[in-house]
Amino acid sequence: MPKATNPDDPDAPDGVQIDLISGERMDGMATMEKIRMILDGVHDGNIVILEEGLTPDEESRLIEVTMAEISPDEFNGIEIETYPKSDTRDSSLLGRIMGGEEAEAKLTVIGPANQIETLHKDETLISALVSRN
Amino acid sequence: MGLFTELKDSISRATDRLFSEQEPKRIGIYGPPNAGKTTLANRIARDWTGDAIGAESHVPHETRRARRKENVEIERDGKTVTIDIVDTPGVTTKVDYEEFTDEMDEEDAIRRSREATEGVAEAMHWLREDVDGVIYVLDSAEDPITQVNTMLIGIIESRDLPVLIFANKIDLEESSVKRIEDAFPQHKTVPLSAKEGDNMDEVYDSIAEYFG
């Protein structure tokens, strides 16, 4: 991954780095590798966009690790957005065996809580405001 | 998680439930901060045991440790349902101590934010390991389509836990139960005001039906 932009560095480019991570890149990674990659990017002030999102269990662990890393005046946590799940989603075990899990993969945007603000969200659109700091 | 691991876990959970019929089920009260989880936990505990569970406050993250009230016996239609209630800290993906500085000095605000982050992690751990069912509490005056709600409902569903959604604060003018029903149509939504004690009969009927 390219070197991240540090928002506190006066020589850093005046912008926000966006990392778009493909499902293919995530496929071979363990849960903690995914979480580390996301949080390392967010700590550097980057916006991380996952093509295929995380599983519910990975989301649960992401929240837990994020909480452990929150530090006053340094890191307030993350803002994470993905589309709400559709009403017709089959969440039963059988549904997931039949391929429901594949169909659930949804683009996910993650950024530092103090830099990203959701303006609007519905089942087909996420609109967010990203600031440098 | 692999398909076979998931299948094995699912069968294991079903078997555990089958052979632990005598043990009270642990029902976690989950939701975002300030939804009224502790007010509800206290209402249920006071109604059936006479004791409260924890302190309530309008300041977010008043509950920073999961607290369990054991053997709450709820009587419905001549039958008794015994559950353990686990009141959990509100789940969020961010905690900023400056949220609390209007209410307390900076040192206390920093301490509160540290404890709040530990509490959220604790709540997630309980959800993955130690609850048999979930009461998901939402403030019906707020928009329910937030990432935390979507994620948590997804996590609960992925663990095959029975879940009831409680649309709290129906005493507020801006309350909209329909907004919650529309957001999570796959689950039963029960309207209530834990603070005022409104619609508690339906609350207890639903608890007995889902977790009995």
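This is a predicted model: local features need pLDDT of at least 70, side-chain atom pairs count only at pLDDT 80 or more; totals for chains, interfaces and linings use all residues.
**Figure 1. A hairpin in chain B, built from S2(B) and S3(B).** For a handy landmark, find Arg76(B): standing opposite, in S3(B), is Lys79(B).

**Figure 2. The open sheet of chain B, with its 6 strands.** Going across the sheet, the strand order reads S2-S3-S1-S4-S5-S6, and the pairing is mixed. Strand S2 (67-76) and strand S6 (189-191) of chain B each have a single partner strand and sit at the edges, so one side of each has no neighbour in the sheet. On average, neighbouring strands here are turned by 30 degrees against each other, if you ignore direction.

**Figure 3. A parallel pair inside that sheet: S1 and S4 of chain B.** Strand S1 (residues 25-30) and strand S4 (residues 133-139) of chain B run parallel, with 4 bridges joining them. To get your bearings, pick out Gly28(B), which has Val134(B) of S4(B) standing opposite. Helix H2 (residues 37-49) of chain B packs on the sheet, where this helix touches S1, S2, strand S3 (79-87), S4 and strand S5 (163-168) of chain B. The direction of this helix makes about 55 degrees with that of S2(B).

**Figure 4. Two helices of chain A crossing: H2(A) and H3(A).** Now over to the other chain. The axes of helix H2 (residues 31-43) and helix H3 (residues 56-69) of chain A come within 10 Å and cross at roughly 50 degrees. That angle makes H2(A) oblique to H3(A), and their crossing is right-handed. From H2(A), the residues making the contact are Thr31(A), Lys34(A), Ile35(A), Ile38(A) and Leu39(A). H3(A) answers with Glu58(A), Arg61(A), Leu62(A), Val65(A), Thr66(A) and Glu69(A). Sorted by class, the contact of H2(A) with H3(A) has 5 nonpolar, 4 charged and 2 polar residues.

**Figure 5. Where chain A and chain B touch.** Chain B puts 29 residues into the contact, and chain A puts in 26 residues. On the chain B side, the elements giving two or more residues are helix H1 (3-19), helix H3 (106-129) and helix H4 (147-158). H3(B) gives the most to this side, with 9 residues. By class, the chain B side divides into 14 nonpolar, 10 polar and 5 charged residues.

**Figure 6. The two chains, element by element.** Chain A has 4 helices and 6 strands, and if you follow the sequence you get β-α-α-β-α-β-α-β-β-β. Of the 133 residues in chain A, 29% are buried. Among the contacts in chain A with a separation of 6 or more, 72% come from residues 24 or more positions apart. Chain B has 6 helices and 6 strands, and these follow the pattern α-β-α-β-β-α-β-α-β-α-β-α along the sequence. Buried residues account for 41% of the 212 residues in chain B. For contacts in chain B with a separation of 6 or more, residues 24 or more positions apart make up 70%.

Note on methods. Residues are numbered from 1 along each chain as its sequence is written. Chains are lettered from A and ligands numbered from 1 in the order in which they are written. A residue is buried if 20 or more other C-beta atoms lie within 10 Å of its own, exposed if 12 or fewer, and partly exposed in between; C-beta atoms are placed from the backbone. Two residues are in contact if their C-beta atoms, placed from the backbone, lie within 7 Å. Ala, Val, Leu, Ile, Met, Phe, Trp, Tyr, Cys and Pro count as nonpolar, Asp, Glu, Lys and Arg as charged, and the others, Gly among them, as polar. Two strands pair if DSSP finds at least two bridges between them. Axes are lines fitted to C-alpha atoms, for helices over the stretch in contact, and angles run from 0 to 180 degrees between N-to-C directions. Angles under 35 degrees count as roughly parallel, over 145 as roughly antiparallel, 65 to 115 as roughly perpendicular and the rest as oblique. A crossing is left-handed if the near helix is turned anticlockwise from the far one by less than a right angle, and right-handed if clockwise.
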